[in-house]
Amino acid sequence: MSKIHHDSPHIPVLRREVLQYLSPQLGQSYLDLTAGFGGHAAAVLGITDAPGKLTLVDRDKEAVKALRKRFAGQGVQVIHSDYLSASQALRKQGKIYDLILADLGVSSLHLDEPKRGFAFSLSGPLDMRMDTSQELSAASLVNEWDEAELADVLKRYGEEPRAAVIARAIVAKRPIATTEQLAEIIARHAGKSFKRRKVHPATKAFQAIRIAVNDELDQLRLSLPLWVDLLAPGGRLVVISFHSLEDRIVKNFFADHAGKYYTSELTALTKKPIMGAQDEIVSNPRARSAKLRAVEKIKKGKDKKGKLNVN
Ligand SMILES: C[S@@+](CC[C@H](N)C(=O)[O-])C[C@H]1O[C@@H](n2cnc3c(N)ncnc32)[C@H](O)[C@@H]1O
């Protein structure tokens with residue numbers, strides 16, 4: 001069996017369910033598009049025992065460093081890239097995988113480390129870049145984008161009902177240097193509806209800015225067809241999302257491509273999204289909003305009479 005040991009700063013969500021829906025088999029190839037600290041990857045590798053057929057992608061340098069250390073000396077391919085560029089490159093190389101996982105969003109490292117500037121509850125510089133070599137940061141977005149663009153981000157990616165008011169307040173208070181300052185400005189203008197929702201008033205706005213900085217929704221929308229191309233016939237794709245905007249994209253893509261038509265390439269393995277069990281939600285609050293959807297690529301071929309069959 002592979003060498004699997006190491007503590008991780010991130011607890012992988014829905015680990016049990018990922019294994020159930022990927023259903024790894026000995027010797028299978030595996031592409032992890034958001035490998036993070038390798039928790040899911042190690043679990044899958046524990047069953048496939050094929051480190052030479054394992055490709056791990058992450059756009060965060062620290063995650064990549066941790067992955068290289070964790071899987072050192074086993075022939076695992078680790079790619080520092082956003083998953084859209086990595087998927088395009090792997091596709092060009094003609095790579096095919098039996099198992100593909102995308103566990104979207106940020107890791108605990110991002111949320112728990114003040115200097116990464118993701119958390120409204122911790123004071124840090126306004127950053128929110130998963131890839132710190134990228135130019136656009138939360139600071140440039142918040143301080144340089146005009147009011148209409150800011151309002152659009154808050155509305156589109158945060159579904160923030162007071163987007164226009166908050167955008168105006170941000171522009172009036174510029175320059176804004178820290179997460180704490182930004183959270184305070186938002187809280188002062190967020191109205192009262194968040195009280196009913198029992199969340200911090202800056203939750204939606206911070207989510208929106210993070211999505212815009214990392215171009216999260218376009219990454220997902222443009223990558224889904226590539227993931228189907230990268231899947232071997234009979235292979236499985238599992239996607240875990242953490243907010244409704246992501247889940248809607250996955251749900252609609254799977255609905256359009258799974259099962260209904262003669263030309264469909266996918267079979268849905270999950271009718272409804274799979275959520276974390278109560279014990280997991282209690283021990284790992286990140287699991288509360290996780291939704292897992294899974295598909296299998298249809299094996300197309302001809303039966304003995306020469307008729308095209310599906311599966
Ligand atoms: C929820 S964590 C994944 C944790 C991982 N499954 C584990 O077991 O440790 C999400 C990871 O995906 C990375 N990520 C998010 N969006 C990405 C993208 N578009 N391209 C590449 N990596 C991305 C983040 O940097 C983060 O490390």
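Helix 2 (39-48) and strand 2 (54-58) each supply at least two residues of the shell around the ligand; helices (H or I, at least four residues) and strands (E, at least two) are DSSP runs, numbered from the N terminus. The model here is a predicted one, where local features need pLDDT of at least 70 and side-chain atom pairs count only at pLDDT 80 or more, while totals for chains, interfaces and linings use all residues. Residue numbers start from 1 along each chain as its sequence is written.

Around the ligand sit 22 residues, and P12, T34, G36, G39 and D60 come nearest (near means a C-beta atom, placed from the backbone, within 6 Å). Sorted by class, this shell holds seven nonpolar, 10 polar and five charged residues. Ala, Val, Leu, Ile, Met, Phe, Trp, Tyr, Cys and Pro count as nonpolar, Asp, Glu, Lys and Arg as charged, and the others, Gly among them, as polar.

Zooming out, the protein chain splits into domain 1 (15-103 + 216-310) and domain 2 (115-214), with bounds from an automatic or database domain assignment. Eight residues from domain 1 and seven from domain 2 make the contact, which counts two residues if their C-beta atoms, placed from the backbone, lie within 7 Å. On the domain 1 side, five charged, two nonpolar and one polar residue touch domain 2. The C-alpha centres of the two domains lie 30 Å apart.

As for the whole protein chain, there are 14 helices and nine strands. Along its principal axes, the C-alpha trace spans about 70 × 45 × 40 Å.
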